[in-house]
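Welcome! Please take a moment to look over the sequence and the structure shown here before reading on.

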Amino acid sequence: MKSVIWIVLVITTFISQPSINEQQIPASQTNTTKQDAYSVLNTKCNFCHSVKKNRTVFSLENMDNLAKAIEYQVFIKKKMPKGRKNNLSSLEKEKLLKWISSLDKT
């Protein structure tokens with residue numbers, strides 16, 4: 001059952017891609033927000049995702065498409081990142097949430 005939910009979540013993530021309305025968010029702020037979020041994904045997620053088979057490694061190119069899945073796993077299910085050493089600080093959570101919310105603006 002969990003795998004079916006995960007597959008549906010991943011498929012819907014790729015079908016409904018949020019767009020950024022550049023009139024509401026300046027491009028420089030969006031780039032900084034995305035860079036900040038990527039630094040969190042790269043330091044807290046990619047090292048584990050890169051060694052596990054069939055795991056997506058996050059990049060600046062694919063992270064926007066995976067935002068909903070990241071939000072679901074990190075903030076709703078609270079299953080990621082795994083391990084006590086990988087816990088997100090409140091600042092890291094804030095960076096991810098700021099980036100995710102910037103994608104929801106239309």
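## The nonpolar core

Keep in mind as you explore that this is a predicted model. Its largest nonpolar core has 15 residues. Within this core, L41, F58, I70, L96 and W99 are the residues with the most contacts.

Setting aside its neighbours within four places in sequence, I70 is in contact with L41, F58, M63, F75 and W99.

## A buried asparagine

Next, find N46, which lies in helix α3 (residues 46–51). Is N46 buried or exposed? With a relative accessible area of 6%, N46 falls under the 20% cut-off, so this residue counts as buried.

The N46 side chain makes a polar contact with the side chain of N42, at 3.1 Å. Once neighbours within four places in sequence are left aside, N46 is in contact with Y38, L41, V57 and F58.

## The loop between α4 and α5

Two residues are worth a visit in this loop. K78 is found between α4 and α5, and its phi is near 55°, a positive value in a residue other than glycine. K78 counts as exposed because its relative accessibility is 65%, over the 50% cut-off.

P81 also has its place in the loop between α4 and α5. The peptide bond leading from M80 to P81 is cis, and its omega is near -10°.

Definitions and conventions. Residues numbered from 1 in each chain as written. Predicted model: local features only at pLDDT ≥ 70, side-chain atom pairs only at ≥ 80, totals over all residues. Heavy atoms only, no water. Core = buried A, V, L, I, M, F, W, Y, C linked by side-chain atoms within 4.5 Å. Buried < 20%, exposed > 50% of the residue type's maximum accessible area, 1.4 Å probe, protein only. Contact = heavy atoms within 4.5 Å. Helix = DSSP H or I, 4+ residues; strand = E, 2+ residues; numbered from the N terminus. Polar contact = N/O pair within 3.5 Å; in protein donor to acceptor, adjacent residues only side chain to side chain.
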